[in-house]
Structures are given as structure tokens and as C-alpha cells.
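Please look at the sequence and the structure below.

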Amino acid sequence: MAADTELRELAPAAFAHAVPALLGVYEAAMRPPPEQLPGRASVMNGHTRHPGFRSVVAVSEERAVGFAYGFHGHGGQWWHDVVTEALHARGRARLARRYLSDPLEIAEVHVHPEAQNRGIGRAMLHALCEGRPERTAVLSTRVGPTAARHLYRSCGFTEVLGDFSFPGSPSQPFSIMAARLPLRACPGRPPGRSPWWRWTG
């Protein structure tokens with residue numbers, strides 16, 4: 001990770017306050033239709049109320065250039081239930097028990113295009129998973145040979161469900177990936193990180 005970039009952990013309330021600024025990173029990285037942004041903001045705010053919420057923001061020159069967050073996954077949460085049902089439907093109940101019985105659900109990992117290829121995504125992913133009590137980490141990523149997919153594989157994630165479309169998005173297939181915690185060791189220097197940051201964006 002670049003020497004001028006620092007990772008800072010935000011408490012749930014601070015993260016919720018920073019969502020409008022973090023959406024700028026999300027929009028630059030993902031290029032979603034503008035009308036989807038208010039819904040994304042609502043989802044991100046709602047996630048701060050999940051148990052075990054943790055967020056990490058990458059900051060360069062006091063500007064957010066990346067963010068990642070996750071929380072403890074369990075039955076009754078939309079993503080957890082949809083993926084569990086799909087695994088059972090495809091005859092992969094064993095994988096559901098192995099990876100979704102006590103998971104850290106990684107909801108978002110995004111780096112601004114101007115700051116990509118500097119190790120920021122890898123550093124955020126490891127900081128997010130560091131010291132977690134859960135046995136596994138799970139996430140969804142777009143199918144294909146993407147940089148994100150390469151990153152997750154290099155950190156020990158493996159595909160447990162491929163070519164999967166979430167309800168309401170039939171044209172966008174995803175790969176469901178999972179890893180045992182702790183993740184594979186992250187090469188390079190440890191990122192600078194403060195335990196809590198009252199960031200306003």
C-alpha cells in the first residue's frame with residue numbers, strides 16, 4: 001500500500017455519517033446508474049445496525065480513496081438467506097454449513113480508480129478480517145477475470161457458488177466466494193490504522 005495512504009476504522013455512527021462521501025468512491029469504482037445511489041445509501045446505513053459491524057476507510061491527503069465493511073452474517077438477513085437457499089437448491093448444503101454457519105459477511109470493498117493497483121484493496125480486506133471471531137468470511141463479486149476476483153483468490157477465497165443472479169438482478173451474474181479465517185498472510189508493511197475515527201467526509 002502506498003506510504004501516503006492510511007487505513008482508519010470508523011465506528012458505525014461515524015460510518016453512517018460518512019456514507020454520502022463514500023458513495024463517491026462507490027460511484028467511481030462501480031459506475032452504477034445514478035438512480036440506484038439513494039437505494040445504495042439506504043442499504044449501507046441499514047448495515048451499520050447489524051451485529052459485529054466493522055468498517056475500514058483508506059485515506060490519502062485526508063480524502064477517502066477506498067472503503068470496505070462487513071458484519072456478522074446470520075439467518076434472517078437477506079443476503080445470507082438468499083445464498084443459503086441457493087446452495088441448498090444446487091445440492092451444496094455441506095458448503096452452506098461449512099461457510100455460512102458463522103460468517104463475517106463482507107458487504108463492500110471498493111477503491112477509487114485513481115488509487116487502484118496500490119495494494120489498498122488487499123490492505124483493507126485484511127484489516128477488515130483481522131481478529132474477527134467468526135470462522136469464515138463470505139462475499140459476492142461479479143463473475144469473470146476481474147481484479148477483485150484475483151485479489152480474493154490470492155487471499156484464500158474460493159468459489160462456492162458460480163454464475164448466480166440475485167433476485168431482481170437476473171442479468172448480472174455473481175460468484176459467491178468464501179474463505180476460512182484468518183486470511184492468508186498479507187505481504188508488505190502493515191497499514192497505519194487508528195481504532196476509531198470520527199470522520200465526516
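About 1,700 Å³ of space lies in the largest pocket. A pocket is found on a 1 Å grid over the protein atoms alone, as an open set of points with protein on both sides within 12 Å along at least five of seven lines. Grid points are joined across faces, edges and corners, and a volume is the space filled by probe spheres set on the points. This is a predicted model, in which local features need pLDDT of at least 70 and side-chain atom pairs count only at pLDDT 80 or more, while totals for chains, interfaces and linings use all residues. Residues are numbered from 1 along each chain as its sequence is written, and side-chain values use heavy atoms, with hydrogens and water left out.

The lining of this pocket has 48 residues, and Met30, Glu108, His110, Ser140 and Phe174 lie nearest the centre; a lining residue has an atom within 4 Å of a point. Strand E4 (103–111) gives the largest share, 7 residues. Among the other elements that supply at least two residues each are helix H1 (12–30), helix H2 (37–47) and strand E5 (136–142). Helices (H or I, at least four residues) and strands (E, at least two) are DSSP runs, numbered from the N terminus. By class, the pocket lining has 23 nonpolar, 18 polar and 7 charged residues. Ala, Val, Leu, Ile, Met, Phe, Trp, Tyr, Cys and Pro count as nonpolar, Asp, Glu, Lys and Arg as charged, and the others, Gly among them, as polar.

The whole structure has 1 cavity of 30 Å³ or more, where a cavity is a set of points that a 1.4 Å probe fits but cannot get out of.

Contact means heavy atoms within 4.5 Å. The axes of H3 and H4 are 7 Å apart, at an angle of about 150 degrees, and the two helices are therefore roughly antiparallel (over 145 degrees).

Helix H5 (120–129) and helix H6 (147–154) come within 11 Å, and their axes cross at roughly 45 degrees. H5 and H6 are therefore oblique to each other. Gly121, Arg122 and Leu125 in H5 meet Leu151, Tyr152 and Ser154 in H6.

Note on methods:
Axes are lines fitted to C-alpha atoms, for helices over the stretch in contact, and angles run from 0 to 180 degrees between N-to-C directions. Angles under 35 degrees count as roughly parallel, over 145 as roughly antiparallel, 65 to 115 as roughly perpendicular and the rest as oblique.
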